[in-house]
Amino acid sequence: IVRDINKFSNNVMAQQLFLTLGREGSGTVATLDAARAVVERWWQTRISASEPLELEKGSGLSRQERISARALGLLLQTAYRSPLMPELMASLPISGVDGTLKRAKVASPGSAHLKTGSLNGVSAIAGYVHGASGKRYVLVALANHPNAHAARAAFDALVDWTAQDTEGN
C-alpha cells in the first residue's frame, strides 16, 4: 500500500491509510481527529517533541498541513535508522526511473529515492540521495511562492549536485 501511495502520489490512498491509523486500539469508526492524535503521539515520542507537525487530512494535499524542512529531515533520518528503511526507500520514486520522478531531468538517473509534493504555490521534494562517494544523504527542498513550480529545475540540480559528491567534500 505504501509503495503505491509513494510511487504515484496517490492522495486518496494516503488519506485512507491515515484514517486507518485512527482506529488503532479503538476498534471504532476511524476519524481524522483520532488519526491526528495517533500520529502526533508517535511524532512526539519518536521524532521530536519540540518540532511542530500540523496535520489535516493526512495526505499532505492541504493548505492547513505544515512541517518544517528541519522536521522533515529529522523524520527521514529516523526512518533511515529503522529496520523498515529498505521498504520505505523502495516505496519512493527513483529519480529519472519511475513513479512521479520518471521524467525528472537529472544527470544521474537512479541516484535518488525521493517523494515529491505540489500545490498551487508550493513545490517540495524530500528523500535520500546516493552520492558517488558511497555516502547517502537526506535531502529536503521546499518552495513556497506563486512560481514554486519553477523550482523543479533547481530541485533536479540539487539532486545532481548531491549525487556527484566525492570523498572528502
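Q: How do the residues of the lining of the second largest pocket divide into nonpolar, polar and charged?
A: This is a predicted model. The lining of its second largest pocket holds four nonpolar, three polar and five charged residues. The lining includes Leu101, Ile125 and Phe155, along with Lys102, Arg103 and Asp156. Gly99 is also in the lining, and Gly counts as polar.

Q: What makes Thr116 a lining residue of the second largest pocket?
A: A lining residue has an atom within 4 Å of a pocket point. Thr116 is listed in the lining, so by that rule one of its atoms lies within 4 Å of such a point. The pocket has a volume of about 200 Å³. Helix H6 gives the most to the lining, with three residues.

Q: Why are E1 and E2 called paired strands?
A: Pairing takes at least two bridges. Eight bridges join E1 to E2, so the two strands count as paired. They run antiparallel. Lysine 115 stands opposite alanine 126 in E2.

Q: How do you know that E2 and E3 pair?
A: The cut-off is again at least two bridges. E2 (residues 122-130) and E3 have nine, so they pair, in the antiparallel sense.

Q: Why do strands E1 and E3 stand at the edges?
A: The open sheet has three strands in the order E1-E2-E3. Strand E1 (112-119) and strand E3 (136-144) each have a single partner strand, so one side of each is left without a neighbour in the sheet. From one strand to the next, the twist averages 5 degrees.

Q: What forms the hairpins, and how many residues lie between the strands?
A: E1 and E2 form one, with two residues between them. Glycine 121 in that turn has a positive phi of about 80 degrees. E2 and E3 form another, with five residues between them. Here glycine 134 has a positive phi of about 100 degrees.

Q: Which helices lie across the strands, and at what angles do they run?
A: Helix H4 (residues 69-80) lies across E2 and E3, at about 155 degrees to E3. Helix H6 (residues 152-163) lies across E1, E2 and E3, at about 15 degrees to E2.

Q: What makes the link between aspartate 98 and lysine 7 a polar contact?
A: The cut-off is a pair of N or O atoms within 3.5 Å. The two side chains meet at 2.7 Å, so the pair qualifies. The aspartate 98 side chain also reaches the backbone nitrogen of isoleucine 94 at 2.8 Å. Aspartate 98 itself lies in the loop between helix H5 (85-91) and E1. Leaving aside neighbours within four places in sequence, aspartate 98 is in contact with Lys7 and Pro93.

Note on methods. Residues numbered from 1 in each chain as written. Predicted model: local features only at pLDDT ≥ 70, side-chain atom pairs only at ≥ 80, totals over all residues. Heavy atoms only, no water. Helix = DSSP H or I, 4+ residues; strand = E, 2+ residues; numbered from the N terminus. Axes fitted to C-alpha atoms, helices over the stretch in contact; angles between N-to-C directions. Contact = heavy atoms within 4.5 Å. Polar contact = N/O pair within 3.5 Å; in protein donor to acceptor, adjacent residues only side chain to side chain. 1 Å grid on protein atoms, 1.4 Å probe; cavity = no way out; pocket = protein on both sides within 12 Å on 5 of 7 lines; lining within 4 Å. Points joined across faces, edges and corners; volume = space filled by probe spheres on them.
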